[in-house]
Each structure stands twice: as C-alpha cells, then as structure tokens.
Amino acid sequence: AAVMFFAFKGAAEDADKAEKSGRVILSTDEAETIASARHQVTDIRMLNTRIDDIEIRRRSNEVCDIMDKILRAMKEDPKKIDAGQMFLQYYLPTQKEILSKYEQIEESGIGAKAELREKVLTHLEDIKVATEKQLGNVFDEDIFDVDAEIEMMKESMKQDGLMG
C-alpha cells in the first residue's frame with residue numbers, strides 16, 4: 001500500500017510540475033498514437049531518400065513537413081488527436097505504401113513509366129492539399145476560440161466606451 005501511495009503521489013507531483021511548466025502529459029494511448037505516426041513519417045522520409053526522382057522526393061518531403069506540424073499540434077494538445085484519426089489511421093500508412101511501391105518499381109531497373117510518375121506526382125499534390133486541410137481541421141477549435149475572444153473583446157470595448 002505504501003508503494004502505491006508513493007507511486008500515486010509521485011505521478012501526481014509529476015503531473016503538477018508538467019502543468020506548471022506548460023508541458024502536456026499524454027496518456028499511454030495518446031503517446032503511442034503519436035509515436036506510431038511519427039515513426040511512419042520518419043519511414044516516409046527515409047523512403048524519400050531512396051527515390052531517384054527529385055520532384056517526387058521534393059513533393060513528398062513537403063507533405064512530411066505538414067505532417068510534422070499536425071503531429072506537433074497533437075502532441076501539444078491531445079484533444080486534437082480525435083480530429084486527425086482518419087489522417088493517422090488511413091492516409092499516413094497509405095501514403096507510405098504508395099511511396100514504397102513506387103520506390104520498388106524505380107529500383108527494379110525497369111524505371112518508373114512516365115504515366116505512373118505523373119500519377120504519383122498528381123497524388124502527391126492531392127495529398128499535400130488534403131494534409132494542409134487536415135492541419136486546418138486540427139486547429140478549427142482554436143480558430144473558433146480566437147474568433148469568439150475577439151468578438152467578446154470588441155463588445156467589452158464598446159460597453160466601456162472605448163470603441164464606437
């Protein structure tokens with residue numbers, strides 16, 4: 001019982017310290033979700049280094065940069081993880097699979113046919129747009145909160161005679 005008490009007390013103190021320092025404590029599931037997604041983004045970046053086509057590599061890295069922003073936002077505010085579940089569970093692994101198959105075809109020596117290259121480039125542009133939209137979705141609640149705060153402040157300034 002004493003061990004349980006001190007373990008609980010230590011966890012509570014850690015949470016209190018983290019809260020005071022502004023650090024967010026993730027649940028085990030949240031931490032695993034983000035770590036898994038981070039691992040997939042790292043895998044995609046590694047795949048990118050093996051792809052010979054400079055334009056595909058560049059576009060894929062741009063998508064990874066946006067993915068990193070999404071994951072950072074989720075880590076800083078775990079409530080945002082729910083807004084990105086489809087992104088984490090489907091889009092990220094599927095993106096990795098598409099690039100992996102492209103890299104295998106490229107490496108096979110038969111070369112990537114022009115038609116396939118164009119499809120992959122179009123896909124990368126589409127996924128970039130979708131990932132940017134996902135980044136916006138992750139921040140939707142924050143945008144709403146800021147908008148509401150601005151409106152409340154305007155009303156307060158009007159009521160206080162500071163604004164016409």
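This is a predicted model: local features need pLDDT of at least 70, side-chain atom pairs count only at pLDDT 80 or more; totals for chains, interfaces and linings use all residues.
Trainee: Let's start with helix 3; how many residues does it have, and how far does it reach?

Mentor: Helix 3, which covers residues 54-76, has 23 residues and reaches 33 Å from its first C-alpha to its last, which is close to the 33 Å expected at 1.5 Å a residue.

Trainee: And what caps its N-terminal end?

Mentor: That is Asp 53, which has a side-chain oxygen 3.0 Å from the backbone nitrogen of Glu 55.

Trainee: Which helices do the buried residues of helix 3 pack against?

Mentor: They pack against helix 2, helix 4 and helix 5, and the buried residues of helix 3 include Ile 56, Arg 59, Ser 60, Asp 68 and Met 74.

Trainee: You mentioned Ser 60, so what is Ser 60 in contact with?

Mentor: Leaving aside neighbours within four places in sequence, Ser 60 is in contact with Ile 44, Asn 48, Gln 95, Leu 99 and Leu 124. Ser 60 counts as buried because its relative accessibility is 1%, against a cut-off of under 20%.

Trainee: Now the largest nonpolar core: which of its residues touch the most other members?

Mentor: Of the 27 residues in that core, they are Ile 56, Met 67, Ile 70, Met 74, Leu 88 and Leu 99. Helix 2, helix 3, helix 4 and helix 5 each supply at least two residues of this core, and helix 3 gives the most, with 9 residues. As a general background, nonpolar side chains in soluble globular proteins tend to be buried together.

Trainee: Take Met 67 from that list; what does Met 67 touch?

Mentor: Not counting residues up to four places away in sequence, Met 67 touches Val 41, Ile 44, Phe 87, Leu 92, Gln 95 and Thr 131.

Trainee: Over to Ile 34: is Ile 34 buried or exposed?

Mentor: Ile 34, whose place is in helix 2, is buried, with a relative accessible area of 6%. Setting aside residues up to four places away in sequence, Ile 34 touches Leu 26, Met 74, Lys 75 and Ile 81. Ile 34 and Lys 75 are 41 residues apart in sequence, yet 7.0 Å apart in space, C-alpha to C-alpha.

Trainee: Last topic, then: how many aromatic pairs does the structure hold?

Mentor: The structure holds 1 aromatic pair, formed by Tyr 90 and Tyr 91, and this pair is edge-to-face, at 5.3 Å centre to centre with 75 degrees between the planes. Tyr 90 counts as partly exposed at 44% relative accessibility, and Tyr 91 is partly exposed with a relative accessible area of 37%.

Terms used
Residues are numbered from 1 along each chain as its sequence is written. Side-chain values use heavy atoms; hydrogens and water are left out. Helices (H or I, at least four residues) and strands (E, at least two) are DSSP runs, numbered from the N terminus. Buried means under 20% relative accessible area, exposed over 50%, partly exposed in between (1.4 Å probe, protein chains only). Contact means heavy atoms within 4.5 Å. A nonpolar core is a set of buried Ala, Val, Leu, Ile, Met, Phe, Trp, Tyr and Cys residues joined through side-chain atoms within 4.5 Å. Rings of Phe, Tyr and Trp (its six-membered ring) pair if their centres lie within 6.5 Å; planes under 30 degrees apart count as stacked, over 60 as edge-to-face and the rest as tilted. The expected span of a helix is 1.5 Å times one less than its number of residues. A polar contact is a pair of N or O atoms within 3.5 Å; within protein, one must be able to donate a hydrogen and the other to accept it, and residues adjacent in sequence count only if both atoms are side-chain atoms.
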